[in-house]
Amino acid sequence: ASGGIFSPSLFLGAMLGGVWGHIVAAVDPFGKKAVLHPIQACVAGMAGIVSGSTGASITAITMTFEMTRAYATILPIIITTVMAHMTRKAISEDSIYTLKLVRRGHVVPEGLEAAVFAAQRVQDVMTDCFRVVTAHEPMTCYEGVTLVQGGQNSALGDDSASIQDGHLTAVCGPVLIDFNGAFGRKLTAEEYVAATGDVKSALCIVNELEDLNYAIRKMNARSADVLLVSKTADTPLVSQVVGVVTKTDISKNVSSKSQLMSRDRTLQS
């Protein structure tokens, strides 16, 4: 219960702060005009212990100031609270509320870490590693995504109704093999799509400002391998394509953000 943490924190803070205040008053290193009054030290100590143990620095400052309504205590409260919070973070990343959860193996995000994934848009992950070829162009090696324009088949599923004939018809993954040696000639994009079966690959069409989590759910629902990012998700013509998002891009993004969630500080250096 919060009373089992909050009340002892206030008592310990007041006691330790009072002891420190009396020591400073007795030594009087700065002269009588600059001496920290023991009562001010008590209030500052209360804020410091609450902030250090719970991590709620703003709450500690506001609460202890409202107890006294003495503006002379504001500066000691703020200084003590900040120093207590920094000291606790240097010793332990976890507060008294989350320490037991972490010891049990739970991941407890703190502050901005909790929204590190939720705040992302599609444009934060997309890349421009794609090319557009016509159905009759030779399919050469390419490590990015190849969008095939023209042809009779469409791989866009339900969204194909909003696309005119002769526009985007298929999406292909990385082309890593030179088919010239196997077939004696370069395969056209249309022949490559028919041979590899990429025409059956679903392609999700999203707007660059869409929520990334929503786009990923849409991608999974359609069993798609690529997110096609367009300026308008209604009629994604080739000229409106601004980027693509592959499962590899999503994996790299999750990997980079997971370092922020890690409690191993060597990963963040």
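Which residues make up the largest nonpolar core? Select Val-122, Val-125, Cys-204, Val-206, Leu-212, Ala-215, Met-219, Ala-224, Leu-227, Val-229, Val-245 and Ile-250, the 12 residues of this core. A nonpolar core here is a set of buried Ala, Val, Leu, Ile, Met, Phe, Trp, Tyr and Cys residues joined through side-chain atoms within 4.5 Å. Buried means under 20% relative accessible area, exposed over 50%, and partly exposed in between (1.4 Å probe, protein chains only). Helices (H or I, at least four residues) and strands (E, at least two) are DSSP runs, numbered from the N terminus.

This is a predicted model, in which local features need pLDDT of at least 70 and side-chain atom pairs count only at pLDDT 80 or more, while totals for chains, interfaces and linings use all residues. Residues are numbered from 1 along each chain as its sequence is written, and side-chain values use heavy atoms, with hydrogens and water left out.

**The whole chain**

Display the secondary structure: the chain has nine helices and six strands. Of its 269 residues, 37% count as buried.

**Around the core**

Leaving aside residues up to four places away in sequence, Val-245 touches Val-122, Val-125, Met-126, Met-219, Asp-225, Val-226, Leu-227, Val-229 and Ile-250; contact means heavy atoms within 4.5 Å.

Then select Ile-216, which is placed in helix H8. Ile-216 counts as partly exposed, at 22% relative accessibility.

**Salt bridges**

How many salt bridges does a search of the whole structure find? The search finds two, a salt bridge being a side-chain nitrogen of Lys or Arg within 4 Å of a carboxyl oxygen of Asp or Glu.

Select Asp-225 and Lys-247, whose side chains meet in a salt bridge (3.5 Å, N to O). This pair links distant parts of the chain, 22 residues apart: Asp-225 is in the loop between helix H8 (212-221) and strand E5 (226-230), and Lys-247 is in helix H9 (residues 247-261). Asp-225 is partly exposed, with a relative accessible area of 41%, and Lys-247 is partly exposed at 46%.

Move to Lys-89 and Glu-93, which form a salt bridge with their closest N and O atoms 3.3 Å apart. Lys-89 is partly exposed, with a relative accessible area of 21%; Glu-93 is partly exposed at 26%.

**A loop residue**

Select Arg-69, in the loop between helix H3 (57-68) and H4. Although Arg-69 is not a glycine, its phi is positive, at about 55 degrees. Most residues other than glycine have a negative phi. Arg-69 counts as exposed, at 62% relative accessibility.

**Final selection**

Which residues are the closest to the centre of the second largest pocket? Select Gly-17, Trp-20, Ala-44, Gly-45 and Thr-80, which hold that place among the 13 residues that line this pocket. On a 1 Å grid over the protein atoms alone, a pocket is an open set of points where a 1.4 Å probe fits, with protein on both sides within 12 Å along at least five of seven lines; lining residues have an atom within 4 Å of a point. Helix H1 (3-27), helix H2 (38-54) and helix H4 (74-91) are the elements that give two or more residues to the lining. H2 gives the most, with five residues.
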